[in-house]
Amino acid sequence: AADGHKLSKQNGAQALDLLRQATAALPQEAGPWNNLGNVHAALQQWKEAEQAYRASLALQPGAAEVVHVLERVRATAAGCLARVDGALVELTTATCP
């Protein structure tokens with residue numbers, strides 16, 4: 001879902017709950033971790049998405065699709081941070097009338 005699919009917050013919360021249960025029940029299965037990362041990414045929760053993808057990758061080292069998605073999540077998160085940093089610089093340098 002890091003590819004831009006939209007997910008409502010309510011459905012996302014439900015999906016996260018179910019996937020957290022799945023990862024707790026099947027911690028050695030990469031699929032639930034990957035799906036958890038997909039939902040976090042769809043909700044733009046970049047740190048959590050990266051953590052889930054890392055867990056998936058640990059269970060299937062070198063999985064090209066997971067590596068690719070993880071790189072996209074990192075790039076997107078970095079872009080978001082750069083925009084926030086830029087906005088903070090503008091706020092701190094702005095003068096009030």
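A salt bridge here is a side-chain nitrogen of Lys or Arg within 4 Å of a carboxyl oxygen of Asp or Glu. This is a predicted model, in which local features need pLDDT of at least 70 and side-chain atom pairs count only at pLDDT 80 or more, while totals for chains, interfaces and linings use all residues. Residues are numbered from 1 along each chain as its sequence is written, and side-chain values use heavy atoms, with hydrogens and water left out.

**Stop 1: the salt bridges**

How many salt bridges does a search of the whole structure find? The search finds three.

Select Glu50 and Arg74. Their side chains meet in a salt bridge, with N to O at 3.3 Å. Glu50 lies in helix α3 and Arg74 in helix α4 (residues 64-93), so the pair ties together parts that are 24 residues apart in sequence. Helices (H or I, at least four residues) and strands (E, at least two) are DSSP runs, numbered from the N terminus.

Glu50 is partly exposed at 22%, Arg54 is partly exposed at 45%, and Arg74 is partly exposed at 36%.

Return to the salt bridge of Glu50 and Arg74. Salt bridges that share partners join Glu50, Arg54 and Arg74 into one network.

Now select Arg20 and Asp17. Their side chains meet in a salt bridge of 3.9 Å, N to O. The two are three residues apart in helix α1 (residues 9-25), so they are separated by about one helical turn. Arg20 is partly exposed at 41% relative accessibility, and Asp17 is partly exposed at 45%.

**Stop 2: Thr23**

Stay in helix α1, where Thr23 lies. Thr23 is buried, with a relative accessible area of 6%. Its side chain reaches the backbone oxygen of Arg20 at 3.0 Å. Which residues does Thr23 contact, leaving aside its neighbours within four places in sequence? They are Pro32, Trp33 and Leu36, where contact means heavy atoms within 4.5 Å.

**Stop 3: α1 against α2**

Show α1 and α2 together. Their axes come within 9 Å and cross at roughly 160°. Axes are lines fitted to C-alpha atoms, for helices over the stretch in contact, and angles run from 0 to 180 degrees between N-to-C directions. The crossing angle makes α1 roughly antiparallel to α2; angles under 35 degrees count as roughly parallel, over 145 as roughly antiparallel, 65 to 115 as roughly perpendicular and the rest as oblique. On the α1 side the contact includes Gly12, Ala15, Leu16 and Thr23. Among the α2 residues are Pro32, Trp33, Leu36 and His40.

**Stop 4: α2 against α3**

Helix α2 (residues 30-42) packs with α3 at an angle of about 160°, with the axes 8 Å apart. The two helices are therefore roughly antiparallel to each other. To see the contact, select residues of α2 including Trp33, Gly37 and Ala41, and residues of α3 including Trp46, Ala49 and Tyr53.

Methods: Buried means under 20% relative accessible area, exposed over 50%, partly exposed in between (1.4 Å probe, protein chains only). A polar contact is a pair of N or O atoms within 3.5 Å; within protein, one must be able to donate a hydrogen and the other to accept it, and residues adjacent in sequence count only if both atoms are side-chain atoms.
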